[in-house]
Amino acid sequence: MSKYQRLAQQVSQQIEQQVWQPGQRLPSLRRMAADSGLSLMTVMNAYQLLEQQGRIEAVPRSGYRVKDLPASRPALSSAATHVRDQVSINNFAYQVLQASNQPGLLPLGSAFPDPNLFPLRALARGLGRASAALAEHPIDHLPPGSLALRQAIARHYSRNDMTISPDDILITAGAMEGLNLALEAVTQPGDWVVIEAPAFYGALQAIERLGLRAIAVATDPKQGMQPEALADVLKRYPVKACWLMSRYQNPLGFCLSQQRQQALYELFCAHDVWVIEDDVYGELAPPGARAPQPMKAIDQQQRILHCGSFSKSLAPGFRLGWVCAGEQLQRLAQRQFIATLSSSAPEQQAVAAYLDSRPYQTHLRQLRSTLHQRKQGLLHWLHQCMPANVHINDSQGGYFIWLALPDGGDAIELYHQALQLGISLAPGALFSADPMLQRGVRLNASYPLSDKLRNALQQLARLMA
Ligand SMILES: Cc1ncc(COP(=O)(O)O)c(C=O)c1O
C-alpha cells in the first residue's frame, strides 16, 4: 500500500470511529501535511481518494468535509398481523445457537456484547470476596434472592424516577428465567399471547414451551407496535398476555415514545391483558442521550411484570436478572423454587456490591460510548459495501443492526453460506414467521471493526449481491 492509500485508510477509520463527524471539516492540506510529515502531494492524493470513495467532499474555498451518512435505508415493516396456532422455533433456534458457538467464527449472529467490554477483573475480585464470606449469608440467595441485590436494583429504578420496593423484586437466572416465569404465571396452555413483529426469539421459545398461541402485531421499525393494529387484535381474540420491549427492541432497536406507551397500556388495561416487559437493553442508550422510562413507570394497575438483566450491561455469563413482579411475586417465587431454586449466591453478592460503586457508573458510560462508536462504524461500512437494494435499519440504542434483503432474498440460505465463510448471522426466521420479515438479518455491532470483520462484511455483501 502506498503512502497516500495508507493515509486515506487512516482517515477513513477515524471517520468510522467518529473522530471526524459527518459535516465536519478535515484539516487543510497544509495542516495535514505538517501534522503527518507527508508531502502536500501525498495528502492531496489521499483526500482525492477519499472523495472518490464517497467519504468526504470538496467544499469550494473551504477544503474538504466529511460527507453525511446516507439517509437510513428504511427497513421492511410488516403491516400484517400474523396468527400462529402453534409455535415451533426451538429446534431451529438451538441449531443456530450451536452453529454460532463454533470457535473462530465471527460472532455477528450473537446476542451478547463483546465480552471484552466488561469489568471482568473487578467482578472476579468481588466474586472471590463474596465466596469467602459465604458463611455470613448462607441462605440469602434463596427466592426472592439476595436482599442486598434487590435493594441495589430498587435504587437503580429510583435513578429512573421509579419507586419500586425490594419486596416486589425476584432475582432470576438471567432475564430468560424471569420472562419465562412471568409468562407462565399469567397464562394457561392454549392462551393467546401478543408479540411484536419481529420479536425476540426467546418470546417464541417460551410460547412454544408453554403450549401458547401467538399473534404477532404489526410493528413499525422506528416506533414499535401499532396501537390501531393491537386494538383490532384485542377486539377479535381473548388475549391473555403481551410480551414486548419498550426500550431498544431486539432486533429493531426502537424505543416506544411516551404517547405510544400510554396508548398501548390503555388498551392492555381495557382488555385485561398482562404485560411481560422485556427490558434487558434499557441501560444501553447512546452517550449523551437519556433512555425513555420503561412502560412499567406508568403501570398504575400493577399489570406489568418488568424483567431486567445484567447480561448485557454488566456481567455477561453470570446469568443474573430479575423480575419486578409486584403482587405476582409469590407465584413466581414458588415456581422458581421448584424449577431452579435460585441463582448462585456469590454472584448475587458480587453484583450487589459492584452496583453501588462509582466504577459501575464509569463502566456504563464507557460501555455506552464504545457500543455507539462501534455501531456507527459498522453502519458506515455497511452503507459503503452493501448492495443498494439491501435495507439497513439503524437502531436508537443497543448494539444491533437489522438488514432486510430485497424481494426474493433468502436469509436462511445467506446464513448457511455465511457460516461456510466463518461468519455467524441471526436470520429473520428466528424472529418471525412472516415471510417478509424472514428476509431480515440481525447483525451484532458490538465488536471492533477489524480488517477481518471488514473483509467478512465485503464477502457477505458479495453473497447478497
Ligand atoms: C430481548 C432479550 N430478552 C432477554 C434476553 C435474555 O437475557 P439473559 O441473558 O439475561 O437471560 C435476551 C438475550 O439475548 C434478549 O435479547
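User: In which loop is Asp161 found?
Analyst: Please bear in mind first that this is a predicted model. Asp161 is found in the loop between α6 (147–158) and β4 (169–172). The backbone there deserves attention: Asp161 is not a glycine, although its phi is positive, at about 60°.

User: Which residues does a cis peptide bond join, with omega about 0°?
Analyst: The angle to read is omega. Ala197 and Pro198 are joined by a cis peptide bond, with omega about 0°. Pro198 lies in the loop between β5 (192–197) and α8 (201–209). A further case is the bond from Asn250 to Pro251, which is cis with omega near 15°. Pro251 has its place in the loop between β8 (239–244) and α10 (258–270).

User: How many residues surround the ligand, and which are the closest?
Analyst: One begins with the residues around the molecule. Here 16 residues surround the ligand, and the closest are Ala175, Asp278, Tyr281, Ser309 and Lys312. By class, this shell has 9 nonpolar, 4 polar and 3 charged residues.

User: Which helix gives the most to the shell around the ligand?
Analyst: Helix α7 (residues 174–186) gives the most, with 4 residues.

User: Which atoms of the protein lie 2.9 Å, 2.7 Å and 2.8 Å from atoms of the ligand?
Analyst: For a polar contact, one looks for N or O atoms within 3.5 Å of each other. A backbone N or O atom of Met176 lies 2.9 Å from an oxygen atom of the ligand. In the side chain of Asp278, an N or O atom is 2.7 Å from a nitrogen atom of the ligand. The side chain of Ser311 has an N or O atom 2.8 Å from an oxygen atom of the ligand.

User: What percentage of the area that the ligand exposes when taken alone does the protein bury?
Analyst: The ligand taken alone exposes 390 Å², and the protein buries 97% of that. The space that the ligand takes is the largest pocket.

User: How many aromatic pairs does the structure hold?
Analyst: There are 11 aromatic pairs in the structure. To read a pair, one considers the distance between the ring centres and the angle between the planes. Tyr281 and Tyr399 form an edge-to-face pair, 5.7 Å centre to centre, with 75° between the planes. This pair links distant parts of the chain, 118 residues apart. Tyr281 is in the loop between β9 (274–278) and β10 (304–309), and Tyr399 is in the loop between β12 (391–393) and β13 (400–404).

Conventions
Residues are numbered from 1 along each chain as its sequence is written. This is a predicted model: local features need pLDDT of at least 70, side-chain atom pairs count only at pLDDT 80 or more; totals for chains, interfaces and linings use all residues. Side-chain values use heavy atoms; hydrogens and water are left out. A residue is near a molecule or strand if one of its heavy atoms lies within 4 Å of it. A polar contact is a pair of N or O atoms within 3.5 Å; within protein, one must be able to donate a hydrogen and the other to accept it, and residues adjacent in sequence count only if both atoms are side-chain atoms. Accessible areas come from the Shrake-Rupley method with a 1.4 Å probe; for residues, only the protein chains shown count as cover. On a 1 Å grid over the protein atoms alone, a cavity is a set of points where a 1.4 Å probe fits but cannot get out, and a pocket is an open set with protein on both sides within 12 Å along at least five of seven lines; lining residues have an atom within 4 Å of a point. A molecule sits in a cavity or pocket if more than half of its atoms lie within 2 Å of its grid points. Helices (H or I, at least four residues) and strands (E, at least two) are DSSP runs, numbered from the N terminus. Ala, Val, Leu, Ile, Met, Phe, Trp, Tyr, Cys and Pro count as nonpolar, Asp, Glu, Lys and Arg as charged, and the others, Gly among them, as polar. Rings of Phe, Tyr and Trp (its six-membered ring) pair if their centres lie within 6.5 Å; planes under 30 degrees apart count as stacked, over 60 as edge-to-face and the rest as tilted.
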